[in-house]
Amino acid sequence: MADSGMLGNTPIPDRDPYIPDGAVVDSLAVLSGVTDAVFMPWIEERINLIWLEPNDDRLGMTRFEAGSAELNRRRRLRLDPGQVTIGLHPALLEDEALYKHTFVHEFLHAAGLTLHTSLHDELTNNVAPSPKMSESPLLQRLRDSVLGDLKVKSWSCQHCSYTWERTTVRKPKRCHKCARLL
C-alpha cells in the first residue's frame with residue numbers, strides 16, 4: 001500500500017463498495033424531467049462499483065467504458081451508455097454521509113449529467129447533502145492535509161496589523177478583527 005496522496009494511508013477494505021439505502025431510488029426521482037439525464041433508463045442496471053486505490057486523491061470517479069466519440073453519439077441519440085464504473089475512495093467508509101453524497105454525485109454523472117453544473121450540485125444536495133466540515137472528520141483531515149501543503153500559513157490585515165493562523169483554503173474577504181476588506 002503506497003503512502004502517497006492525501007488519503008494514502010487508508011487501508012483497503014475487506015468488503016466491496018455498496019449502494020447506500022435509498023440512494024438510487026431518490027436519485028432517479030430527482031432526475032425525473034431532467035432532459036440531460038439521457039442514460040437514466042438504463043443506468044441502474046449498468047453501474048459497477050469499485051474501490052479506488054488508497055493513494056488516489058479523488059473521493060469518487062465515474063468512467064464510461066465506451067470511448068468519448070461513442071459516448072457522445074449515445075448521448076445525442078439517447079442510447080444505452082453501456083457499462084459504467086463508479087469508483088469510491090475507501091476512506092469514505094469513515095463517513096456515511098459523505099459516502100452517500102459522493103455516491104449520488106457519481107451516480108448523477110453516470111445518468112448523463114456529466115458536467116459539474118449548479119443543477120448537478122443542487123440535485124446531489126437534494127438527495128444526499130454533504131456533511132458540514134464540523135461534522136466530518138474525513139473532510140477535516142482533507143482540509144488539514146491541503147492546508148499543510150500550502151505556502152501561506154497565516155493571514156495579516158494591512159489595516160490593523162492583526163494576524164491569524166490560516167484555517168481555510170480560501171483567503172478570507174475581511175479581517176477577523178476590524179472587518180475591513182483584505
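**Figure 1. Overall fold of the predicted model.** Six helices and five strands make up the secondary structure of the protein chain. The model is predicted, not experimental. Along the principal axes, the C-alpha atoms occupy a box of roughly 60 × 40 × 30 Å. The protein chain has 182 residues, and 40% of them are buried. Take the contacts between residues at least 6 apart in sequence: 61% of these join residues at least 24 apart.

**Figure 2. The salt bridge between Asp80 and Arg46.** The structure contains six salt bridges. One of them pairs Asp80 with Arg46. Their closest N and O atoms are 2.4 Å apart.

Figure 3. Glu70 and Arg73 form a salt bridge through their side chains, at 3.0 Å from N to O. Both residues lie in helix 3. They are three residues apart, about one turn of the helix. Glu70 also pairs with Arg74 in a salt bridge. Here the closest N and O atoms are 2.8 Å apart. Glu70 and Arg74 are four residues apart in helix 3, which again means a separation of about one helical turn. Through shared partners, the salt bridges join Glu70, Arg73 and Arg74 into one network. Glu70 is partly exposed, with 26% relative accessibility. Arg73 is partly exposed too, at 32%.

Figure 4. Ser136 is placed in the loop between helix 5 (118-127) and helix 6 (137-149). Its relative accessibility is 0%. The cut-off for a buried residue is under 20% relative accessible area, so Ser136 counts as buried. A polar atom of the Ser136 side chain lies 3.1 Å from the backbone nitrogen of Leu139. Leaving aside residues up to four places away in sequence, Ser136 touches Asp95, Leu98 and Pro131.

**Figure 5. Packing of helix 1 against helix 5.** A pair of packed helices is described by the angle between their axes and the distance between the axes. For helix 1 (residues 23-31) and helix 5, the angle is about 135 degrees. The axes of helix 1 and helix 5 are 9 Å apart. Angles over 145 degrees count as roughly antiparallel, and 65 to 115 as roughly perpendicular. Helix 1 and helix 5 are therefore oblique to each other. Their crossing is right-handed. On the helix 1 side, the contact is made by Ala23, Asp26, Ser27, Val30 and Leu31. Helix 5 contributes Leu123, Asn126 and Val127.

Notes. Residues are numbered from 1 along each chain as its sequence is written. This is a predicted model: local features need pLDDT of at least 70, side-chain atom pairs count only at pLDDT 80 or more; totals for chains, interfaces and linings use all residues. Side-chain values use heavy atoms; hydrogens and water are left out. A salt bridge is a side-chain nitrogen of Lys or Arg within 4 Å of a carboxyl oxygen of Asp or Glu. Helices (H or I, at least four residues) and strands (E, at least two) are DSSP runs, numbered from the N terminus. Buried means under 20% relative accessible area, exposed over 50%, partly exposed in between (1.4 Å probe, protein chains only). A polar contact is a pair of N or O atoms within 3.5 Å; within protein, one must be able to donate a hydrogen and the other to accept it, and residues adjacent in sequence count only if both atoms are side-chain atoms. Contact means heavy atoms within 4.5 Å. Axes are lines fitted to C-alpha atoms, for helices over the stretch in contact, and angles run from 0 to 180 degrees between N-to-C directions. Angles under 35 degrees count as roughly parallel, over 145 as roughly antiparallel, 65 to 115 as roughly perpendicular and the rest as oblique. A crossing is left-handed if the near helix is turned anticlockwise from the far one by less than a right angle, and right-handed if clockwise.
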